[in-house]
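Please look at the protein chain shown below, and keep it in view while reading the report that follows.

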Amino acid sequence: METECVSDFIKFKDKLYPCTVSIAMDLVGGKWKVVILYHLKNADKRYSELRKELSGITEMTLSLQLKQLEEDGLISRQVYGEKPPIKVVYGLTDFGRTFTPVLDAILGWGNQIAIEKGEFVESRPV
């Protein structure tokens with residue numbers, strides 16, 4: 001159902017967007033947001049778990065992306081404890097779970113590309 005052209009702009013969270021695709025890309029665009037959402041798809045995770053699973057991401061980028069995903073309501077951040085070391089756990093919100101079919105489609109497409117045009121290797125080349 002195409003509804004993006006019902007009016008000139010869409011207002012979402014006090015921002016104006018020219019189309020609904022712009023809203024979606026603002027929420028999940030970039031190199032890491034979709035990857036983070038994928039890693040939270042099946043289970044809540046601590047920051048350190050995400051850091052280990054996302055090789056190649058810097059701590060600053062991970063922190064920034066998590067903060068943006070939280071601000072946009074796609075993930076939740078639960079803090080346990082009051083004194084260090086505190087435990088911080090991230091998970092998908094109900095709104096974030098609505099993105100799961102898109103994650104599944106991206107995964108399927110990525111698998112197809114890997115099988116048809118790429119190759120699986122055991123470790124990163126030096």
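Is Lys15 buried, exposed or partly exposed? Lys15 counts as partly exposed, because its relative accessibility is 41%, where buried means under 20% relative accessible area, exposed means over 50%, and partly exposed lies in between (1.4 Å probe, protein chains only).

## About the model

This is a predicted model, in which local features need pLDDT of at least 70 and side-chain atom pairs count only at pLDDT 80 or more, while totals for chains, interfaces and linings use all residues. Residues are numbered from 1 along each chain as its sequence is written, and side-chain values use heavy atoms, with hydrogens and water left out.

## Salt bridges

Across the whole structure, a search finds four salt bridges, each being a side-chain nitrogen of Lys or Arg within 4 Å of a carboxyl oxygen of Asp or Glu. In one of them, the side chain of Lys15 meets that of Asp26, at 3.0 Å from N to O. Lys15 belongs to strand S2 (residues 15–17) and Asp26 to helix H1, so this pair ties together parts that are eleven residues apart in sequence; helices (H or I, at least four residues) and strands (E, at least two) are DSSP runs, numbered from the N terminus.

Another salt bridge joins Asp104 and Lys41, at 2.4 Å from N to O. Because Asp104 lies in helix H6 (residues 100–117) and Lys41 in the loop between H2 and strand S3 (45–46), the pair ties together parts that are 63 residues apart in sequence. A further bridge links Lys45 with Glu53, their closest N and O atoms being 2.9 Å apart; here Lys45 is buried, with a relative accessible area of 14%, whereas Glu53 is partly exposed, at 35%.

## The nonpolar core

In soluble globular proteins, nonpolar side chains tend to be buried together. The largest nonpolar core in this model has 23 residues, and those with the most contacts inside it are Ile36, Leu37 and Ile75; such a core is a set of buried Ala, Val, Leu, Ile, Met, Phe, Trp, Tyr and Cys residues joined through side-chain atoms within 4.5 Å. At least two residues of this core come from each of helix H1 (20–28), helix H2 (33–39), helix H4 (59–71) and strand S5 (87–92).

What does Ile75 touch, not counting residues up to four places away in sequence? Its contacts (heavy atoms within 4.5 Å) include Leu37, Leu40, Leu66, Leu69 and Tyr90.

## A charge over a ring

Lys87 lies over the face of Tyr80, at 5.7 Å from the ring centre, where the rule asks for NZ of Lys or CZ of Arg within 6 Å of the ring centre and within 35 degrees of the ring normal.
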